[in-house]
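User: I am new to this structure and would like to learn how to read it. Please take me through it feature by feature.

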Amino acid sequence: MQNQNKNRPIILFVAEAVTLAHFARTITLAKSIDPNLYKIIVASDPRFIGLEGTLDFDFYPIRSISSEEFMQTLEQGKPLYSSETLFQYVNEDLLLFDSVKPDLVIGDFRLSLAVSAPVRKIPYISIVNAYWSPFSSTAYPVPDIPITRILGVNVSQKLFDLVRPIVFALHARPLNRVRQHFGLPSLGFDLRKIYSWGDYTLYADVPELIPTFKLPENHRYIGPVLWSAHNKLPEWWTDLPEDKPIVFLILGSSGQAELLPMVLESMSHLSVTVIVATAGKITLTDVPGNAYVTDYLPMDIATQRSQLVICNGGSLTTYQALISSTPVIGLCSNMDQLINMVAIEQLGCGFMLRATEATATDLAAAVLNAPSCTQAVNRISHTLKQTDSGKRFREIVAEILL
């Protein structure tokens, strides 16, 4: 399917920029495509665009709900998008399609594309983590929502296991309502189908970490999609002590920045050097002598230099750490982070701590135990280094368009 008046098929990438991860994966995949074969267009809320270097493709600004609204909704356990918001997204998608006339649309957590792409009969690739696959056997830990703070994790988990199908059905309703309005069939009552639906569904994971079963032909793994900020290293980078292990502390755009002082206090009593990337979310006023602070660090360089990464447990950071053979401690709160870190912990590559429960003592103990992860981390690092997500992605795009 190609535009008759164009020499190259047009590929439109659309990112829902509620967290950096969705934007970052979209940019990385767009860069992996040969511009001599395709015309590349990226559409996203521009809130993270300053972390990128010069883009060699057209960029169209679109609206995403604010990251703050997204995180507040997550914390309350409510559906992430109302039908009204999704209607607005669909209308903006359709205007964009009519303007750029894409031959293929690729989306990362832009749920409205499950309406707008089939309405315009444009092939749609959904990029998603495999733990949101309907073909995953993932156990879903209860996230940090009001009930866990009232009843505790153990009791809340038992209740959540009982009501999860109902919760997932309620979260699926807004998109199904919008699809019904546009004459499209329901996607059912499983939230995983809402998050993963596409003509093609590509998993930004490896099956060794997040396994699935009986995948249909249009569901495929491409491997982790890695990204690093394109900013200069801070002046203190060349002055870091070489006589102590380096711990890279980054809680990211969806982490709880208010935990940073507690983490730094815990690290101040250990024989480590801490390099901190705050993502511009907090100003640290009482920094221990063994810590070095900046807003952003190139993640690939920082993880390669570090002996341990402490993060929010999100896949963007954890995969970068693992491919660098660096163990991970995840201070997790939302379900994505918890699922991802449970898998990493089960592989023996790190430790999962709940952000609402973690203490300085818990964290220090995990840091001291991190060397025990070395063999497991080296094994998964070898697997990840053999995985070329860009190559796999290009092959699938060519299969669809050429």
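Analyst: Helices (DSSP runs of H or I, at least four residues) and strands (runs of E, at least two) are numbered from the N terminus. This is a predicted model, in which local features need pLDDT of at least 70 and side-chain atom pairs count only at pLDDT 80 or more, while totals for chains, interfaces and linings use all residues. Residues are numbered from 1 along each chain as its sequence is written, and side-chain values use heavy atoms, with hydrogens and water left out.

User: How many helices and strands are there in the protein?

Analyst: The protein has 14 helices and 13 strands. Along the principal axes, the C-alpha atoms fill a box of roughly 65 × 50 × 40 Å.

User: What share of the 402 residues is buried?

Analyst: A residue is buried at under 20% relative accessible area, exposed at over 50% and partly exposed in between, with a 1.4 Å probe and protein chains only. By that rule, 58% of the 402 residues in the protein are buried.

User: What is to be said of a positive phi in a residue other than glycine, as at phenylalanine 109?

Analyst: Most residues other than glycine have a negative phi. Phenylalanine 109 has a positive one, near 65 degrees. This residue sits in the loop between E4 and H4. Phenylalanine 109 has a relative accessible area of 14%, so it counts as buried. Serine 325 is another non-glycine residue with a positive phi, about 60 degrees. Its place is the loop between helix H10 (315–323) and strand E12 (328–332). With 28% relative accessibility, serine 325 is partly exposed.

User: How many salt bridges does a search of the whole structure find?

Analyst: Side chains of opposite charge can pair when their charged atoms come close. A salt bridge is counted when a side-chain nitrogen of Lys or Arg is within 4 Å of a carboxyl oxygen of Asp or Glu. The search finds 13. In one of them, the side chains of glutamate 16 and arginine 110 meet at 3.1 Å, N to O. The two are 94 residues apart: glutamate 16 is in the loop between strand E1 (10–15) and helix H1 (20–32), and arginine 110 is in the loop between strand E4 (104–108) and helix H4 (113–119). Both glutamate 16 and arginine 110 are buried.

User: With which residue does aspartate 93 form a salt bridge?

Analyst: Aspartate 93 pairs with arginine 110, the closest N and O atoms being 3.4 Å apart. Aspartate 93 belongs to helix H3, and arginine 110 to the loop between E4 and H4, 17 residues apart. Shared partners join Glu16, Asp93 and Arg110 into one network of salt bridges. Aspartate 93 is buried, as is arginine 110.

User: Where in the chain are aspartate 58 and lysine 39?

Analyst: Their side chains meet in a salt bridge at 2.9 Å, N to O. Aspartate 58 is in strand E3 (residues 58–61) and lysine 39 in strand E2 (residues 39–44), 19 residues apart. Aspartate 58 is partly exposed at 34% relative accessible area, and lysine 39 is partly exposed at 27%.

User: Which residues make the nonpolar surface patch?

Analyst: Patches are made of residues with over 30% relative accessible area and no salt bridge; like charges are joined within 9 Å, and nonpolar side chains (Val, Leu, Ile, Met, Phe, Trp, Tyr) within 5 Å. Accessible areas come from the Shrake-Rupley method with a 1.4 Å probe, and for residues only the protein chains shown count as cover. The patch covers about 750 Å² and is made by Ile150, Leu151, Val155, Leu159, Leu162, Val163, Ile166 and Leu170. Helix H5 (146–151) and helix H6 (153–181) each give two or more residues. H6 has the largest share, six residues. Leucine 162 lies in H6, and its relative accessible area of 67% makes it exposed.

User: At which residue does H6 bend?

Analyst: A bend is the angle between axes fitted to the seven residues ending at a residue and the seven starting there. H6 bends by about 60 degrees at valine 163, with proline 165 following within four residues. The expected span of a helix is 1.5 Å times one less than its number of residues. H6 has 29 residues and reaches 39 Å from its first C-alpha to its last, close to the expected 42 Å. Just after H6, glycine 183 has a positive phi of about 80 degrees.
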